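Dear colleague,

Here is the structure I said I would pass on. My notes on a few of its residues follow below.

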Amino acid sequence: MTTSPSVPAESAHEAALGGTVTDRLVEANRAYASHFADPGMDARPVLQVAIVACMDARLDLHAALGLELGDCHTIRNAGGVVTDDTIRSLTISQRALGTRSVILIHHTGCGLESLTEDFRHELEDEVGQRPAWAVEAFRDVDQDVRQSMQRVRTNPFLLHKDDVRGFVFDVHSGLLREIDPSS
């Protein structure tokens, strides 16, 4: 079994209509840049908050949370899981760039709920090497948010752990549901 989705090769017709997806995105950037005005801000988020969320394309975090450019740091990965690389980003965000709050956002219908750690073994069978990283699959999204909150709250590299809150975003209603860390 392959772990790669079946993706049809791009046809000559599609290429003639606008090239690859990357070509279209680069062209969109040119249009954006033609009207771009430097906002004159630095990398320090105005609201002193870092948000860790899933990479799911259905989550428009800025719109869902009423955020503007420059308000927050956004760290995204599969599942919104607090991994070593997430801790690395949060540590830099706090210690070098002044954030004090951490918001964790998982969501309903996450793809990690349908995977297992066997995914790593399937990759090993397919390519001959098992990834060093864990899949971090889960069955209970609320419990996974609690685990992520605990990973932030107990990490020695993070300075600010008193304002760490976790939520589940409902992809059908757009509402956040806060998770009690002690449940």
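His106 has a relative accessibility of 0%, so it counts as buried, the cut-off being under 20%. Please bear in mind that the model is predicted. This histidine is part of strand S3, which covers residues 101–107. Its side chain makes a polar contact with the side chain of Asp144, at 2.9 Å. Setting aside neighbours within four places in sequence, His106 is also in contact with a list of residues that includes Gly79, Gly80 and Val81, then Phe138, Val141, Val145 and Ser148, and finally Phe167, Val168 and Phe169.

Two residues other than glycine with positive phi came up. For Gln48, phi is near 55°. Gln48 sits in the loop that runs between helix H2 (21–34) and strand S1 (49–54), and with a relative accessibility of 38% it is partly exposed. For Glu136, phi is near 65°. Glu136 is found in the loop between helix H5 (118–127) and helix H6 (141–153). Is Glu136 buried or exposed? Its relative accessibility is 18%, so Glu136 counts as buried, given that the limit is under 20%.

On aromatic rings, the count is one pair. Tyr32 and Phe36 make up that pair, with 5.5 Å from centre to centre and 50° between the planes, which is classed as tilted. Phe36 itself is partly exposed, its relative accessible area being 45%.

Regards

Technical notes: Residues are numbered from 1 along each chain as its sequence is written. This is a predicted model: local features need pLDDT of at least 70, side-chain atom pairs count only at pLDDT 80 or more; totals for chains, interfaces and linings use all residues. Side-chain values use heavy atoms; hydrogens and water are left out. Helices (H or I, at least four residues) and strands (E, at least two) are DSSP runs, numbered from the N terminus. Buried means under 20% relative accessible area, exposed over 50%, partly exposed in between (1.4 Å probe, protein chains only). A polar contact is a pair of N or O atoms within 3.5 Å; within protein, one must be able to donate a hydrogen and the other to accept it, and residues adjacent in sequence count only if both atoms are side-chain atoms. Contact means heavy atoms within 4.5 Å. Rings of Phe, Tyr and Trp (its six-membered ring) pair if their centres lie within 6.5 Å; planes under 30 degrees apart count as stacked, over 60 as edge-to-face and the rest as tilted.
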